[in-house]
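Welcome! Please take a moment to look over the sequence and the fold, and then we will walk through a few parts together.

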Amino acid sequence: MPEDYVTVQKAVWAANAGDRVVVAPGTYNEAVVVAKDVIIEPSSGRATIQSVEVSYGVRDEPTVFLVNLDVYCPAFIRDRPACKVDGARLVMVGCHVRSASVSGVVAEDDWAQLRLVRCLLHDCGESGVFVRGAKCALDDWRDSSALTPRRERDCGLRPSGSSVEAARRQHCD
């Protein structure tokens, strides 16, 4: 990718469960929907994807890994986080996340599982991470936008009746 496929979404559609989707460094102005076990990562350096939604597949809850990606949702798109997980497992490693209008990462159902490892969340409209009903583990993550006073902000994490486990202390710059 991109030699083989024009978009990240087309590469994800063509991938088999368990495949690695390797993207060239650059910016991909597209929303990517993933409903199968895949790893998405750049071939070198970093790559930027407009937004990623991970949802359940036909039979099983997929596990999706996003590695060393910048994921964002621009200000002109309202009410959509940069990343959303619904009925699936999402592991983000070394990612940078920003979403101008709402939370950067959202996990909102009883089957969703979210894990952030060495991630930076910044410039998020409501909170860095919003969790309701989902299981969430946060390993050494930062929300640098947490210094900006906003309503209902609790250092970037906004749990709502969820099971949130902080595997390591969460940092606010």
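Which residue does His96 stand opposite in strand 12? The residue is Leu120. Before going on, note that this is a predicted model, where local features need pLDDT of at least 70, side-chain atom pairs count only at pLDDT 80 or more, and totals for chains, interfaces and linings use all residues. Residues are numbered from 1 along each chain as its sequence is written, and side-chain values use heavy atoms, with hydrogens and water left out.

Let's stay with strand 9, which covers residues 96-99. Strands here are DSSP runs of E with at least two residues, numbered from the N terminus, and two of them pair if DSSP finds at least two bridges between them. Strand 9 runs parallel to strand 6 (residues 69-73), joined by four bridges; Ser99 is the bridge partner of Cys73. Strand 9 also pairs in the parallel sense with strand 12 (residues 120-121), over two bridges. Val97 and Ser99 form the covered face of strand 9, while His96 and Arg98 form the uncovered one.

Finally, a word on confidence. pLDDT is the predictor's confidence in each residue, from 0 to 100; the protein averages 80, and 79% of the residues score at least 70. It stays under 50 over residues 147-155 and over residues 161-173. Where pLDDT is low, the predicted coordinates should not be read in detail.

How values were computed
Buried < 20%, exposed > 50% of the residue type's maximum accessible area, 1.4 Å probe, protein only. Contact = heavy atoms within 4.5 Å.
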